[in-house]
Amino acid sequence: MRYHNITKDDMLNGDGLRVVLWVAGCEHRCPDCQNPVTWDINGGLEFDESGVQEIFEELNKNYISGVTLSGGDPLHKKNRADTGSFIERTAREFPDKTIWIYTGYEWQDIKDLPFMKYVDVLVDGPFIESQKDNRIPWRGSANQKVIDVKKSLEIGKTVLVMK
Ligand code: SF4
């Protein structure tokens, strides 16, 4: 997997202060995407052990709530294996931190991925400019859902996170 950036002390992409991994590769091509530079699966840098350690260093800080994977799309078909290993390892090493994922896929199409059980919150669906709303937390447009993954998998129904 490749990535463009790791940002720190982020307050916009999930609950609390977070470290955010911006991965490369997205096939959704939403019109008005704010980040088209991230579409190329071959863009950016290799996400190697030094990238993992940069994130883990942040997660070791008490005031960091967790890690968010965004992009690009962490669930691009070519990113799924590496995303899965990374979040599985993160969940094992930092059981008290939360894992959020932003994806352009809809929940029903990706909920059965085997590593989904390690994810706390997933923000799904493409960005739709006509539904853009800056007042709603964590989402770019109103069509996107902020999903409590663990509860949704447990009861077999989509449970939304409310703020
Ligand atoms: S899913 Fe996100 S990164 Fe991909 S095209 Fe849509 S807005 Fe851009």
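Helices here (H or I, at least four residues) and strands (E, at least two) are DSSP runs, numbered from the N terminus. What I am showing is a predicted model, in which local features need pLDDT of at least 70 and side-chain atom pairs count only at pLDDT 80 or more, while totals for chains, interfaces and linings use all residues. Residues are numbered from 1 along each chain as its sequence is written, and side-chain values use heavy atoms, with hydrogens and water left out.

Let me start with the backbone. Most residues other than glycine have a negative phi, and most peptide bonds are trans. Asp 32, in the loop between strand 2 (17–23) and strand 3 (45–46), has a positive phi of about 70° although it is not a glycine. The peptide bond from Gly 71 to Gly 72 is cis, with omega near 15°, and Gly 72 belongs to the loop between strand 4 (64–70) and helix 2.

Now to the helices. Helix 1 (residues 49–59) packs with helix 2 (residues 80–93) at an angle of about 35°, their axes being 12 Å apart; axes are lines fitted to C-alpha atoms, for helices over the stretch in contact, and angles run from 0 to 180 degrees between N-to-C directions. Helix 1 contributes Glu 49, Val 52, Gln 53, Ile 55, Phe 56 and Leu 59 to the contact, and helix 2 contributes Phe 86, Arg 89, Thr 90 and Glu 93, where contact means heavy atoms within 4.5 Å.

Which residue forms a salt bridge with Arg 89? The partner is Glu 49, with the closest N and O atoms 2.9 Å apart, a salt bridge being a side-chain nitrogen of Lys or Arg within 4 Å of a carboxyl oxygen of Asp or Glu. Since Arg 89 lies in helix 2 and Glu 49 in helix 1, the pair ties together parts that are 40 residues apart in sequence. The structure holds eleven salt bridges.

Finally, the pockets. On a 1 Å grid over the protein atoms alone, a pocket is an open set of points where a 1.4 Å probe fits, with protein on both sides within 12 Å along at least five of seven lines, and lining residues have an atom within 4 Å of a point. The largest pocket is lined by 38 residues, of which Asn 13, Ser 70, Tyr 102, Gly 140 and Gln 144 lie nearest its centre. The lining of the second largest pocket includes Ile 136, Trp 138, Gln 144 and Lys 163.
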